Amino acid sequence: MEQISGLSSSEVLARRQKGQGNEVQLSTGRSYKDIVVTNAFNPVNGVLYAIGLAMIAIGQVGNALITASTAVLNAIIGTFQEVRAKRQLDKISVLARVKVSVLRDGREQQVDPAELVLGDVLVIRAGDQFQADGVVVGEGRFEVDESQLTGEADLIPKVAGDRVLSGTFCVTGSALVETTEVGSSSFANKLTANARQFQTTLTPLQREVNLIMRLIMVLVGFVGLVVILDLLIGNAPIELNLQISGIVVGMIPAGLLTSIVLTYAKGAVKIAQQGALVQQSNAVESLSNVTVLCTDKTGTLTANKIRFEDVYPVGLGKDDFKLILGDFAGSASATNKTSEALIEGLGGVRRRVTDEVPFSSARKWSAVACDDAGGGERPPMHGAYVMGALEMLNGALALDENTHRQVNDWSEQGQRVLVFGHAPNVLHLHDADGEPALPHLQLMGLISFSDELRPHLEEAMTSLTSNNVRLKVISGDNPQTVAALARQAGLPGDLSLVSGPDLAAMGAAEFGEAASRATVFGRITPEQKEALVDALRRQGEYVAMIGDGVNDVLSLKKAQLGIAMQSGSGATRGVADMVLLGDSFEALPPAFGEGQSIIKALRDIVNLFLSSVLPAALLAIAITALSLGFPFNVMQNAMISYIVRGIPPLVIAFLARPGRVKGSLLHSVLHFAVPATMATFVFGLVVYVVTFGLVMRQVVSADVTPEMIEGIKQFVSVPFDYSQPGVFEFQAAQLLAQSALTGFFILSGLALLIFLEPPRPWFAGGDEFSGDWRPTIMAVLLAIGYIVAVRIPFTRRLMAVAPLPPPVYVLMLALVVVWALILRQAWRHNWLERFLDLEITSG
């Protein structure tokens, strides 16, 4: 192995210039192209663009721009914010980017995967993921997990001449690999050309939002069908059909999707600044849904700084036992944290090795067969020497009562205990099929190790348990050792222990009961970790898994939320939804709180959208059925979208604060949005019908000014014959009624923002008291801006509203006040829940 020196620097440069580099794209999420396309060309925007093009075809360029402006603005805002968040996350992700060990110029170097070239010699150790295809060279040996490519969980041994594929990872052993395919030519890149697309697991809130969006689209489709059929039956001009179609399609809350993207992006950036890299957009929100947090011990709860403590020899002197242990560790071709601790504590020289079995998480033992006469102070080493977990070697050796007592004493102190055995006449450790074979052993002694806990661990565990998150520690170590460390980490209560061998003997029902009941699981295999997570999920738990090693990959993939340590293996970080930078738990409590604020923000945003969209749809049906025109024109609808459904959701998203959220989104919608929809529909219909009637019956004086005539022509833009009796009067009454309804919708919509974030207890009822005055101040400023704008002729014309007679202003403002008082009572006394005889969950 020492004779292989790798490429020289000049060879690397020459091959890169020939295009033989490993050009890989490391990304935290969607590409820039995907972001632009998704924001600009979602289905709702596509329909609005189509209607806008149809309007241009018939000469209505102004109305076409107004119709498409909502879609364009949402696309611009969403793209800008998501690109900004992506850039920040890409910068932070550099801290957690996987490095590759290569031999160049005769020495080992750490390089970025993109810097690899064809013919590079990779230094592969346990936990490394292959970044390019290659062939094993030299004397090394390792076992590879190819499950991510083949789906098969069995480990595949590799020796010199064997091919390895990119995307797989080394589980045990170490060796050198010469790259044979890089970049787009590698197996993983060919296989995953489309599988590398941005994917995410939907959270419960996302699934509820999707359901609501689909229901809204069905409702809006029904409204559109009713309205268009009415227009066709009445032989309305095509121009009017197109305008109303644009308004109806605009009722679909496309801005809701933008608000969700921005809320997630804000959370991801905020938590990244706290020390956690978000690799899935919804990971922060997902964390706040967690009911069970499973965590590995070594390298996760502990810092993986294993230190040799002591030995307990059986049948030989302590000094001889230490010499054999040190030489055992020094003779292995591949090291891990345990063998490195032995070498550091005991020294050790390489003996003559006849066979070897590297450590693996599934076996939980390693072995070296030697045929060495020793010399000097070194005792002879002949036969097989095995070190591993007592539970996994129980069938191969026996312990007396005193040895068992020593194991228990060390375990209760939180120390990790391994047993060491010897088979004097065994020089080969593999069977005829090349599989590792464990011989019968004579016990030589016990070894104890210690480890230190991660920083900020106890505070994180306390914070999570206070939020009703159940904690479970799943480890390959002795259950008593794991339990002792779990108590040091702050896990509360009487810890129930279960061992891997016990789980293996259980049936499915008993396994599920143990998964739910126990807190500490010891001597667990990677497959059992995955099975425990799966059992908890099938019981309805929302499971997060924290790990660092390749033995945690399966369980991280199975959990709803996978969290990896930055120092963990590349394979583990690759499948994780979130990475703890600096291996610190410090980011978890704020991430949990940020997740709660995301849920709160998204619930408020959904309620605000529904409370505006649903009454608008119902008003479209009612006013059309009454043959009183249509509730809004194109510009008025766009203005409502900006003022009520555009700016307030952004305010909610960026001002949201952590807090426990009761019930599901659907319960929240039932409590808040449904009463608001009913009240807004009823009072809005009264505003429209009364205003229309007062004008048509000439109860109030509506001056037919040149401004009104030009406004009607500009914003209705249909070839009505205004010389016909009643035509102009009808259009004037409709414009005044639309103007009054627009004012009512804007003022009531802004009032909803205050009720969603009550600044004082009096406003609480629709939502819990928050004491935050910022949303209220924003709502008041927007209301003042609207009132000022409708008093100025120029801006009034831009907004397509007419000056209202004083009695109509008084009516509109009075109905807003009565609407607010009645709605407050409905929320506070749960009128809808009581009427439907539902369980009251809001509060």
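This short talk walks through one serine and then some aromatic rings in the structure above.

Before I start, please keep in mind that this is a predicted model, in which local features need pLDDT of at least 70 and side-chain atom pairs count only at pLDDT 80 or more, while totals for chains, interfaces and linings use all residues. Residues are numbered from 1 along each chain as its sequence is written, and side-chain values use heavy atoms, with hydrogens and water left out.

Let me begin with Ser569, which is found in the loop between strand S20 (561-565) and helix H22 (570-575); helices (H or I, at least four residues) and strands (E, at least two) are DSSP runs, numbered from the N terminus. Is Ser569 buried or exposed? Ser569 has a relative accessible area of 10% and is therefore buried, where buried means under 20% relative accessible area, exposed means over 50%, and partly exposed lies in between, using a 1.4 Å probe and protein chains only. If we leave out residues up to four places away in sequence, Ser569 touches Gly127, Asp548, Gly549 and Val550, a contact being heavy atoms within 4.5 Å. The C-alpha atoms of Ser569 and Val98 are 8.5 Å apart, although these residues are separated by 471 residues along the chain.

Now to the rings. Searching the whole structure gives 13 aromatic pairs, and here rings of Phe, Tyr and Trp (its six-membered ring) pair if their centres lie within 6.5 Å, with planes under 30 degrees apart counted as stacked, over 60 as edge-to-face and the rest as tilted. One of these pairs is Tyr688 with Phe692, which is stacked, at 6.3 Å centre to centre and with 15° between the planes. Both residues lie in helix H26 (residues 665-696), 4 residues apart, or about one turn of the helix. Tyr688 is buried at 0% relative accessibility, and Phe692 is buried as well, at 6%.

Why is the pair of Phe692 and Phe730 called edge-to-face? The ring centres of Phe692 and Phe730 are 5.4 Å apart and their planes stand at 75°, so the pair is edge-to-face. Because Phe692 lies in helix H26 and Phe730 in helix H28 (residues 727-756), this pair ties together parts that are 38 residues apart in sequence. Phe730 itself is partly exposed, with a relative accessible area of 24%.

Finally, Phe672, Phe755, Trp762, Phe763 and Trp827 form one aromatic cluster.
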